[in-house]
Amino acid sequence: MSVNTKYIFLDIDGVLNSVMYDAGRSEERADNRIDRSRVRLLANIVNATDAKIVLSSTWREDWDKDTKLCGSDGKYINNCLSEYGLSIIDKTPYLSYSDERRLEILDWLAQHHGEVESFVILDDINCGWGELYSRVVITNPYGYGLEEAHVQQALDILNEENLSAL
């Protein structure tokens with residue numbers, strides 16, 4: 001990874017899919033658990049900022065940098081994102097099932113100190129963010145997940161230059 005890079009910490013459930021999406025999809029198809037229209041919105045953020053994607057979702061347990069080591073969900077995520085020219089470059093560490101996602105992101109940031117120009121967290125959970133709260137875009141898991149308004153929020157956060165508060 002390079003110096004002065006922008007990063008997106010990406011959750012999947014509630015961001016790239018949602019209750020509204022699930023209500024309209026066929027349960028018989030295993031290849032439609034991610035809403036491609038939400039991936040397109042994610043691509044808008046990446047294309048506008050050159051940000052790199054770090055997987056912070058529980059789906060990361062099935063994903064690996066080495067694609068040969070990805071499980072079926074990891075391969076599925078890679079395929080969905082690649083349809084829009086996107087790829088995941090890393091994932092947050094798995095500290096334990098009970099740890100807050102905040103601590104895993106803070107751990108990743110500490111390991112990559114000096115590389116991060118800016119970052120945003122895309123998640124549907126609005127609790128426990130502490131010092132990261134100003135960098136979180138909360139999506140609506142009961143609506144459509146990632147929406148246009150969230151894209152603008154993420155762009156605003158990624159284009160901020162002051163990370164000194166962390």
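1. A charge counts as sitting over a ring if NZ of Lys or CZ of Arg is within 6 Å of the ring centre and within 35 degrees of the ring normal. In this predicted model, the charged end of Arg-33 sits over the ring of Tyr-76, at 4.5 Å from the ring centre. A further case involves Arg-135, whose charged end sits over the ring of Phe-119, 4.9 Å from its centre.

2. On the overall fold: the protein chain contains five helices and five strands. Read from the N terminus, the order of elements is β-α-α-β-α-β-α-β-β-α. The chain has 166 residues, and 48% of them count as buried. Its accessible surface is about 8,400 Å², with 48% of that area belonging to carbon and sulfur atoms.

3. On contact range: taking contacts between residues at least 6 apart in sequence, 69% join residues at least 24 apart.

4. The aromatic pairs number four. In one of them, Tyr-7 and Trp-108 are arranged edge-to-face, with 4.9 Å from centre to centre and 70° between the planes. Tyr-7 and Trp-108 are both buried.

5. Trp-108 also pairs with Phe-9. The ring centres of Phe-9 and Trp-108 are 5.3 Å apart and the planes stand at 85°, so this pair is edge-to-face. Phe-9 lies in strand β1 and Trp-108 in helix α4, so the pair ties together parts 99 residues apart in sequence. Phe-9 is buried, as is Trp-108. Ring pairs join Tyr-7, Phe-9, Trp-108 and Phe-119 into a cluster. Phe-119, a member of that cluster, is the residue whose ring lies under the charged end of Arg-135.

6. Helix α5 covers residues 148-158, and its buried residues are His-150, Val-151, Ala-154, Leu-155, Ile-157 and Leu-158. Viewed down the axis of α5, these buried residues fall within an arc of 165°, so they line one face of the helix.

7. Helix α3 spans residues 72-82, with Gly-74, Tyr-76, Ile-77, Asn-78, Cys-80 and Leu-81 buried. These buried residues of α3 pack against α2, β2 (52-55) and β3 (88-91). Tyr-76, one of the buried residues of α3, has the charged end of Arg-33 over its ring.

8. Ser-56 is found in the loop between β2 and α3. Its relative accessibility is 0%, so Ser-56 counts as buried, the cut-off being under 20%. Leaving out residues up to four places away in sequence, Ser-56 touches Phe-9, Leu-10, Asp-11, Thr-92, Arg-101 and Ile-105. Phe-9, among these contacts of Ser-56, is also a member of the aromatic cluster.

Technical notes:
Residues are numbered from 1 along each chain as its sequence is written. This is a predicted model: local features need pLDDT of at least 70, side-chain atom pairs count only at pLDDT 80 or more; totals for chains, interfaces and linings use all residues. Side-chain values use heavy atoms; hydrogens and water are left out. Helices (H or I, at least four residues) and strands (E, at least two) are DSSP runs, numbered from the N terminus. Buried means under 20% relative accessible area, exposed over 50%, partly exposed in between (1.4 Å probe, protein chains only). Contact means heavy atoms within 4.5 Å. Accessible areas come from the Shrake-Rupley method with a 1.4 Å probe; for residues, only the protein chains shown count as cover. The arc is that of the directions from the helix axis to the C-beta atoms. Rings of Phe, Tyr and Trp (its six-membered ring) pair if their centres lie within 6.5 Å; planes under 30 degrees apart count as stacked, over 60 as edge-to-face and the rest as tilted.
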